[in-house]
Structure formats: C-alpha cells, structure tokens
Amino acid sequence: QLVESGGGLVQPGGSLRLSCAASGSIFSGNAMGWYRQAPGKQREWVAIITSGGYTMYVDSVKGRFTISRDNAKNTVYLQMNSLKPEDTAVYCCNKVTYFAPWGQGTQVTVSS
C-alpha cells in the first residue's frame with residue numbers, strides 16, 4: 001500500500017514537502033521513486049532513491065527537489081523548493097521496477 005500526502009496550492013518560488021508511506025513489502029530493500037502526471041500528459045519519473053541512498057533526478061528538477069527515505073518508517077520524502085507552474089501535477093510514489101498498485105497521489109498546484 002502506498003499513501004502520499006503533503007501536496008497543496010503554493011505560489012511560484014514556494015516549497016512543499018511530500019511524504020509517501022509504504023508497506024514494508026513494497027519499501028524494504030527497494031529503490032523508490034517519485035512520479036508525477038500533469039493533465040493531458042503521461043506520467044513521468046521525477047526522482048529516484050536506492051535502498052542505499054543513491055539519488056537521481058530528472059533534469060527539470062535538479063537543484064530544486066531532494067528525495068530522501070527513512071527506512072525505519074518505510075517512508076520516502078520529496079522536498080520541493082523553488083516551485084514553478086510547470087511542476088503542477090499529481091505526485092505519486094512507487095518502486096522503480098515491478099510497480100506496486102498505485103496510490104491516490106497528492107495534488108501539487110503551483111499558481112499565483
């Protein structure tokens with residue numbers, strides 16, 4: 001089970017911190033990622049973190065977003081700074097391979 005939270009409405013330049021609580025069977029020992037889907041667009045990966053803490057980011061968010069994980073809490077986070085209108089999307093988390101059933105996601109809207 002994947003449960004995302006932390007989204008909301010924020011002005012351009014603002015920040016949000018997303019959280020994703022996962023069941024142990026999904027989280028433990030697996031690379032986890034944040035993904036987003038904007039209206040009318042396909043889902044895209046945003047950030048990935050391996051079980052050992054190695055991270056990767058899509059170019060459009062490098063330097064602005066930070067992914068992290070708390071293995072004791074089976075939770076992955078996405079700190080989003082300097083948000084832009086084009087970051088508006090529904091954000092979801094999941095494994096990097098062999099996806100689990102998707103959660104509902106959390107809506108992020110960046111608008112003035």
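Guide: Contact means that heavy atoms lie within 4.5 Å of each other. This is a predicted model, in which local features need pLDDT of at least 70 and side-chain atom pairs count only at pLDDT 80 or more, whereas totals for chains, interfaces and linings use all residues. Residues are numbered from 1 along each chain as its sequence is written, and side-chain values use heavy atoms, with hydrogens and water left out.

Visitor: Which residues does N74 touch, apart from those up to four places away in sequence?

Guide: N74 touches C20, A21, A22, S23, G24, F27 and S28. N74 itself lies in the loop between β7 and β8; strands such as these are DSSP runs of E with at least two residues, helices are runs of H or I with at least four, and both are numbered from the N terminus.

Visitor: Why is N74 called buried?

Guide: Buried means under 20% relative accessible area, exposed means over 50%, and partly exposed lies in between (1.4 Å probe, protein chains only). N74 has a relative accessible area of 18%, so N74 is buried.

Visitor: What can be said of T75?

Guide: T75 lies in strand β8 and, at 9% relative accessibility, also counts as buried. Beyond four places in sequence, T75 is in contact with S19, C20, A21, F27, S68, R69 and D70. A polar atom of its side chain lies 2.8 Å from the backbone oxygen of K73. That value meets the rule for a polar contact (N or O atoms within 3.5 Å, one able to donate a hydrogen and the other to accept it within protein, with residues adjacent in sequence counting only if both atoms are side-chain atoms).

Visitor: How do you know that C20 and C93 form a disulfide?

Guide: A disulfide is a pair of cysteine sulfur atoms within 2.5 Å. The sulfur atoms of C20 and C93 are 1.7 Å apart, so the pair qualifies. C20 lies in strand β3 (residues 16-22) and C93 in strand β9 (residues 89-95), so the bond ties together parts that are 73 residues apart in sequence. C20 is buried, at 0%, and C93 is buried at 0% relative accessibility too. The structure holds one disulfide.

Visitor: What makes D87 and R36 a salt bridge?

Guide: A salt bridge is a side-chain nitrogen of Lys or Arg within 4 Å of a carboxyl oxygen of Asp or Glu. The closest N and O atoms of D87 and R36 are 3.0 Å apart, so the term applies. D87 lies in the loop between β8 and β9 and R36 in strand β4, so the pair ties together parts 51 residues apart in sequence. D87 and R36 are both buried.

Visitor: Which other residue meets D87 in this way?

Guide: The side chain of R64 meets that of D87 in a salt bridge of 2.8 Å, N to O. R64 is in the loop between β6 (55-57) and β7, 23 residues from D87 in the chain. R36, E44, R64 and D87 are linked in a network of salt bridges. The structure holds four salt bridges, including one between K62 and D59 at 3.0 Å, where both residues are exposed.

Visitor: How do you know that K95 has no salt bridge?

Guide: Lys and Arg count as positive and Asp and Glu as negative, while His and the chain ends are not counted. The nearest side chain of opposite charge to the buried K95 is E4, 14 Å away. The side chain of K95, a residue of strand β9, reaches the backbone oxygen of Y98 at 3.1 Å.

Visitor: What makes a group of residues a nonpolar core?

Guide: Its members are buried Ala, Val, Leu, Ile, Met, Phe, Trp, Tyr and Cys residues joined through side-chain atoms within 4.5 Å. The largest such core here has 29 residues, and W34, L78, M80 and Y91 have the most contacts inside it. β3 gives the most to this core, with four residues. Among the contacts of Y91 are W34, L78 and M80.
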